[in-house]
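This report is meant to be read beside the sequence and the 3D view. Keep both open while reading.

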Amino acid sequence: MFSAKQYLLAQSLEEAYVANQKRTATIVGGMCWLKMGKRQMQTLIDLSALGLDEIAVTKEGFSIGAMVSLRQLETHKELNQAFCNAFAKALSPIVGVQFRNCATVGGSVWGRFGFSDVITLLLALDAQVELYPSGVIALEDFIKMPYDNQILVRILIPHNSKPVAVQSHRNTATDFPVLVVAASVEQDGTLRMTVGARPQKAVAVPASLSLSDADLNNHLETALDKIPFEKNMRAGKEFRRHLASVLLKRAIAQLKEEQSHAN
Amino acid sequence: MQIELTLNGRPCKAEVTPDTRLLEFVRQQGCASVKCGCETSNCGLCTVWLDEKPVLSCSVLAVRANGHKVTTLEGLQAQAAEFGAFLADEGAEQCGYCSPGFIMNVLAMEKELKQPTEEEIQQYLAGNLCRCSGYQGQLRAIHRYLNRKQEENHE
Ligand SMILES: Cc1cc2nc3c(=O)[nH]c(=O)nc-3n(C[C@H](O)[C@H](O)[C@H](O)COP(=O)(O)OP(=O)(O)OC[C@H]3O[C@@H](n4cnc5c(N)ncnc54)[C@H](O)[C@@H]3O)c2cc1C
Ligand code: FES
Ligand code: FES
């Protein structure tokens, strides 16, 4: 557990940002990750008073405050209706209900964890990250950025709905995933596929493939060969490469089924 | 710093340091049912309700409870005893170490889910680890507990 001497319940983003410029200050999201460290900090900055614990349905899509819990995402009706129940499916394997009532989407995205189920799904939905003060940036670019002292304010999903499917594999329930994939379909039928827990950070599959491609499976294999996979204590590299193909084919089958229901 | 909250239905005012966790705070207030079973937010033993939602008290700052309602097993004696009897009947408790957190989460599930399926029950309780049992006794006890009204009507 970390230690801290002061607590600041920020009354504005500017106040939080100014306080966060000191090296000894830290923003607390859900604290689940932070508490595993032993850092000695001067000030804890809490964003709880800024109304960032809400999911708003906007004209463009969804706006999700940084302090929204993983459980809120998992159980939010409109969000799950819009995205084929993908948030419920992707987040429910993370530890347990009590944990997901604590962990926030802000902390999950800020962490840019390789194993993230959350980022793999958001990446397939073309999510954007609103930072204070620098503004909105694509999640794909954000996860490549070095850590700085900004505030993650919101996650934006620029779609009112989109067919999307997620698949993950765990060695044992509640453990970190061995591999996570997600796939969504653009309006013109192009697939946007992502692979996470490789075990490195999630990436998009580098190919423009269509759901109606007659030779989709072969094209998918060629594209997956371009993505680096590595081993860690949970699985080897070859197994991950194999899983990526199996799980993405399952996700694609799910999307085809969605499509046939919709027609 | 000073925090004010409702703990098990009673108003409570206390001094805490910024890095005090809700876990240590409720124990200082005499709620010894709440225990720390791991260092990684994985075991569920420390479960309490924060405004009716089950949370891991090991992963919540005490200051975050300021102005809120916190409930521990000490505040749910009657319900805990009722469900506890079902656990005992099914021989589900072995050493009993995991029970306080487990019971808090079962009671939270009962409030949140209406007629949950087996899968929903398992998913809701996945974050409560038990080192002794194979969870089968607990699942039998939960089914009987959730169906107790029907069982009573049959008798
Ligand atoms: C035991 C364990 C198992 C896990 N398993 C999984 C899993 O299977 N799948 C998965 O996807 N995730 C998993 N996670 C990660 C988890 O879901 C959260 O992503 C993680 O706990 C971080 O979220 P938090 O709200 O707890 O953030 P915190 O721990 O509070 O913060 C994490 C970091 O982000 C910073 N931060 C937080 N909010 C902001 C903000 N708004 N602006 C700027 N910086 C901010 C903090 O300063 C800190 O550096 C696991 C975590 C743990 C501890
Ligand atoms: S002590 Fe294990 S989850 Fe809190
Ligand atoms: S009965 Fe011993 S840990 Fe559950």
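This is a predicted model: local features need pLDDT of at least 70, side-chain atom pairs count only at pLDDT 80 or more; totals for chains, interfaces and linings use all residues.

Residues are numbered from 1 along each chain as its sequence is written, chains are lettered from A and ligands numbered from 1 in the order in which they are written, and side-chain values use heavy atoms, with hydrogens and water left out.

**The ligand site**

Ligand 1 has 36 residues around it; a residue counts as near if one of its heavy atoms lies within 4 Å. Those that come nearest are A:Ile27, A:Gly30, A:Thr104, A:Ser108 and A:Asp117. The site is shared between chains, because residues from chains A and B surround ligand 1. By type, the shell holds 22 nonpolar, 11 polar and three charged residues. Here Ala, Val, Leu, Ile, Met, Phe, Trp, Tyr, Cys and Pro count as nonpolar, Asp, Glu, Lys and Arg as charged, and the others, Gly among them, as polar.

| Residue (backbone atom) | Ligand 1 atom | Distance |
|---|---|---|
| A:Gly30 | oxygen | 2.6 Å |
| A:Trp33 | oxygen | 2.9 Å |
| A:Leu152 | nitrogen | 2.9 Å |

On its own, ligand 1 has 970 Å² of accessible area, and the protein covers 95% of this; such areas come from the Shrake-Rupley method with a 1.4 Å probe, and for residues only the protein chains shown count as cover. In chain A, strand E2 (25-28), helix H6 (105-111), helix H7 (117-124) and strand E8 (151-157) are the elements that give two or more residues to the shell. Of these, H6(A) gives the most, with four residues. Helices (H or I, at least four residues) and strands (E, at least two) are DSSP runs, numbered from the N terminus.

Is strand E11 of chain A, residues 191-196, mostly covered or mostly open? It is mostly covered, as six of its six residues are buried. Buried means under 20% relative accessible area, exposed over 50%, and partly exposed in between (1.4 Å probe, protein chains only). A:Leu191, A:Met193 and A:Val195 lie on one side of E11(A), with A:Arg192, A:Thr194 and A:Gly196 on the other.

Two strands pair if DSSP finds at least two bridges between them. Strand E10 of chain A (residues 179-185) runs antiparallel to E11(A), joined by six bridges, and A:Ala183 stands opposite A:Met193. Their hairpin has five residues between the strands, and A:Gly189 there takes a positive phi near 90°. E11(A) also pairs with strand E12 of chain A (residues 203-204), antiparallel over two bridges, with A:Thr194 opposite A:Ala204. This second hairpin has six residues between its strands, and A:Ala197 in the turn has a positive phi of about 60°.

**Backbone details**

The peptide bond from A:Arg198 to A:Pro199 is cis, with omega near 15°, and A:Pro199 sits in the loop between E11 and E12 of chain A. Another cis bond joins A:Tyr132 and A:Pro133, with omega about 5°.

A:Cys84 has a positive phi near 55° and counts as partly exposed, because its relative accessibility is 25%. B:Gln115 has a positive phi near 45° and counts as exposed, because its relative accessibility is 75%.

Definitions and conventions:
A polar contact is a pair of N or O atoms within 3.5 Å; within protein, one must be able to donate a hydrogen and the other to accept it, and residues adjacent in sequence count only if both atoms are side-chain atoms.
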